[in-house]
Amino acid sequence: MSSLLPIASARRTAAALWAEVRALPVRGVVTAVTAVAASAAGLVAPWVLGDLVDDIAAGADRGDVLTAAAIIGAAALLTGVLTGLSATLISRLGETVLARLRERVVDRTLHLPAATLDKVKSGDLLSRVGDDVSVVTTAIGQTGPTLAAALLTVVLTAGGMFALDWRLGLAGLVAAPFYVLAVRWYLPRSGPFYAKERVAIGDRAQAMVSALQAAPTVRAYRLEETHTAAINDRSRAAMDLSIGVFRLFTRLVARMNRAEFLGLAAILATGFVLVRADLVTVGATTAAALYFHRLFNPVGALIMEFDEVQAAGASLARLVGVADLDPPRQPERVREPADGTLVLTGIAHRYDDPLVLDDVSVTVPAGTRLAVVGASGAGKTTLAGIAAGLLEQERGTVTLGGVPLGELDRARHLAMLSQEVHVFSGPLVEDLRLAKPDATEDEVWAALTLVGADGWARALESGVDTVVGESAHALTAAQAQQVALARLVLADPAVAILDEATAEAGSAGARDLERAALAATEGRTTVIVAHRLTQAVMADRILVLDHGKVVEGGTHDELVAAGGRYAELWRSWHVADLGVQR
């Protein structure tokens, strides 16, 4: 059953964001100082205009007016420069924080246990590393600087109003409760919409991924309309949620306009009374009104950008939820195995109920090949995953050369190949060097030759420098598997685990890959999950699983002579294989 990856709470999301900012103290301080200076510079013009009103009333000359105009112009220029610089610094800080967070998300995603990946919706995972990162990136680049500047402007401008006269400052605060009531009305109603919208987008991505991955089957059974209808349903659900939030937002705008009217009216009325009582000047009242008017845009930005903030918050919570997953455990000490002997003792594992593996024990001597066979669901792939250290067994132990897997540098000593091989876009030689970054071109060609891939590789337009992958020269399934086997040769691990690694090439191609796999694993301890029983024939020993238990073990000839479960599988396979050859 598919499930969602964890989503962090609002408090945990804020804490994670703050922790990343604190990790960049110098950049954070410079950004904060610049932002404060930009907002403070914007206070100069209203203050000077207020003084100018009083000066003109007192009979100021032309020189005083020109001086005031020059100050206002200089302040405007300085405000513009500092605002632009502040926006740039805030964006750079935000992008750096997001990049660090994104790296943690990718790291945790790449290290998710196989059991977790099997349960997680692929659409949910794709939407987090795709859509959610995009939403947060947009918010940081566009919304972040706006909100930071708006918040500082509100705080400093409110301080400026109180500096003019505390009564005018209090009059301006009349609008505050109405702003607060508008936000309190909006947030509880819109927040759940955004969280549901992100989930709905993940469901839509899941429907699209499922349809695209199964495209040949969809076309074969003429299921295009069914899958299109499912995608439409998911898209409509996401759209309906977005429309619902927009309706709430328009009602929020009306409440904001009401707060602005009441606040400005309160300042003008209070100023009129105070001027009549000769307690403040007309210029001070003018400056207070200009200050309050200056708040319209930043307060509006703070509230109106809640759409982006909430969407970004929901996406950020999903990213932090993945980033907070436990990092891959590193061994307290790394030991070297005595040899390549792989020993699994008393292995038991379950995903739910019942046990997928139950008390499985097997020893694979160094340099020998073990084939694991059995019907679908017998537990073969699970056993391979545990032997490779990709799955954590519920009970039992796994050792290599007498050392538990948890105390090994597993990336150096063990390698696992499955039938699902990815060819990265780029030069073929760089794809191969993923296994050994310092491999020479001669070593690359030697590996390709060993697995029988040198013929088609030399026929490529630029040889191993040819760009391959989805966006360039596409390799066949058999060629992709040969690339994977060549990587295995270059990595040179002590243990190789092949999980049906030759199953996707067709009957004739599979035989070529079987020979390539034999060459690539020569001299290595090898565990082969045998999709084709011809692989089992070439193994030194065969382990037969049935419903998670070991029912037989021995060589091919011994098991066929015994007439047990393996003999039944062999007879069925031999008849089917003869039918394919005919």
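Residues are numbered from 1 along each chain as its sequence is written, and side-chain values use heavy atoms, with hydrogens and water left out. In this predicted model, local features need pLDDT of at least 70 and side-chain atom pairs count only at pLDDT 80 or more, while totals for chains, interfaces and linings use all residues.

Trainee: How many helices and strands does the protein chain have?

Mentor: Helices (H or I, at least four residues) and strands (E, at least two) are DSSP runs, numbered from the N terminus. On that basis, the secondary structure of the protein chain comes to 22 helices and 12 strands.

Trainee: Which residues of α1 are buried?

Mentor: Buried means under 20% relative accessible area and exposed over 50%, with partly exposed in between (1.4 Å probe, protein chains only). On the other side of α1, A10, R11, W18 and R22 are exposed. The buried residues of this helix are T13, A16 and E20.

Trainee: Why do the buried residues of α1 line one face of the helix?

Mentor: An α-helix has 3.6 residues a turn, so residues three or four places apart point the same way. The arc is taken from the directions from the helix axis to the C-beta atoms. Seen down the axis of α1, the buried residues line one face because they fall within an arc of 65 degrees.
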